[in-house]
Amino acid sequence: MNTNVTTMNKEKARKNWLVMFIHKMGSPPWFYNFAGKLIPWLWAIFIGLTVWGLYLGLFKAPADYQQGESFRIMYLHVPAAWMSMMIYTSMAIMGFIALVWRIRIMEILAMCSAPVGAAFTIIALASGSLWGRPTWGTYWVWDARLTSELVLLFLYLGVIGLYNSIDEPRKAARAACLLAMVGAVNLPIIHYSVKWWNTLHQGSSISVTGGSNIDPSMLWPLLIMAVAVKFYYGANLLTRARVKLLEQDKRKGWVKNLVKEHKS
Amino acid sequence: MNHAPFIWASYSIGTVVLLWCALAPLTRKKSVIRDIRKLNQIEERNRDPNS
């Protein structure tokens, strides 16, 4: 009986802590300080993992028996391509939450995700193009995977453009969040393009459920890089969100005090 | 075919784009803080016309 009561109390305390955390996240000064403390750690983990992943990928992994040394572009291209889709997914989810529950921090996070996602999409397209030349003999073909990834870049640019074209920030964020949600229809097209159509781009070599076709000596650096770029996204997103908060709340007391105290 | 130029070009583009993406909010922050300081000074001057 006592054990049951203790478990229930623990569960209640955990739920209360979560509710409190979500409430606190909605407070701009609290979010600003919390993000400020988190950002250096995220950068440190990103740099550490990137150095480790690139060392293994560029110096330790053996050359591919078919593609030779050019396969090393994979350690940049694949994490960037995954991030381009993951960031769009999170932007659309945050946009949905912002639209339904009118949470300003979510609007800011969704809008600050767009430039980071666009940057990863540019890297995925450019590195893919440079990998394609020695592998396929061409920099670009209008196949389904490449074209749908290019459409993703245009969607990111559309969200950024729409957000910047409306003066009132909250109205701008709501319009851009709606566009982000509509654009999410492109995500399954990118993912399944190599299955639905006959493309020059190869199919997936790694599957969450079906294992991997890549040798572990080549796979581990890729997984490390894939984790590393998530920390880059986190650090960059929070940095951008803090600046956006300062910008939007520049007439509010907490920002004025922060700047006066040189704590920004 | 020598693959090194393609690998170097890929990682160079990646580094430049990621650096630009990381530094852009920091330069923006500087200009936002400058604006807020100016705003604070104007408000203080309006509050105390003798200073």
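Beyond its neighbours within four places in sequence, I73(A) is in contact with S127(A), L130(A), W131(A), F6(B), I7(B) and S10(B). Contact here means that two C-beta atoms, placed from the backbone, lie within 7 Å. This is a predicted model: local features need pLDDT of at least 70, side-chain atom pairs count only at pLDDT 80 or more, and totals for chains, interfaces and linings use all residues. Residues are numbered from 1 along each chain as its sequence is written, while chains are lettered from A and ligands numbered from 1 in the order in which they are written.

Stay with I73(A). It sits in the loop between helix 2 (28–60) and helix 3 (74–101) of chain A. Helices are DSSP runs of H or I with at least four residues, strands are runs of E with at least two, and both are numbered from the N terminus. I73(A) counts as buried because 25 C-beta neighbours lie inside 10 Å. The cut-off for buried is 20 or more other C-beta atoms within 10 Å of the residue's own; exposed is 12 or fewer, partly exposed is in between, and the C-beta atoms are placed from the backbone. A63(A) is ten residues away from I73(A) along the chain, and their C-alpha atoms are separated by 11 Å.

Now take chain A as a whole. It holds nine helices and two strands. Their order along the sequence is α-α-α-α-α-α-α-β-β-α-α. The C-alpha trace spans about 60 × 55 × 40 Å along its principal axes. Of the 264 residues in chain A, 37% are buried. Take the contacts in chain A between residues at least 6 apart in sequence: 76% of them join residues at least 24 apart.

Chain B has one helix and zero strands. Its C-alpha atoms fill a box of roughly 75 × 10 × 5 Å along the principal axes. The radius of gyration of chain B is 22 Å, whereas a compact globule of 51 residues would have one near 10 Å. That radius is taken over C-alpha atoms, and the globule rule is 2.2 Å times the number of residues to the power 0.38. In chain B, 20% of the 51 residues count as buried.

Last comes the interface. Here 30 residues of chain A are in contact with 23 residues of chain B. On the chain A side, helix 4 (104–136), helix 8 (216–248) and helix 9 (253–260) each supply at least two residues. Helix 4 of chain A gives the largest share, eleven residues. By class, this side of chain A has 16 nonpolar, six polar and eight charged residues. Nonpolar covers Ala, Val, Leu, Ile, Met, Phe, Trp, Tyr, Cys and Pro; charged covers Asp, Glu, Lys and Arg; the others, Gly among them, are polar.
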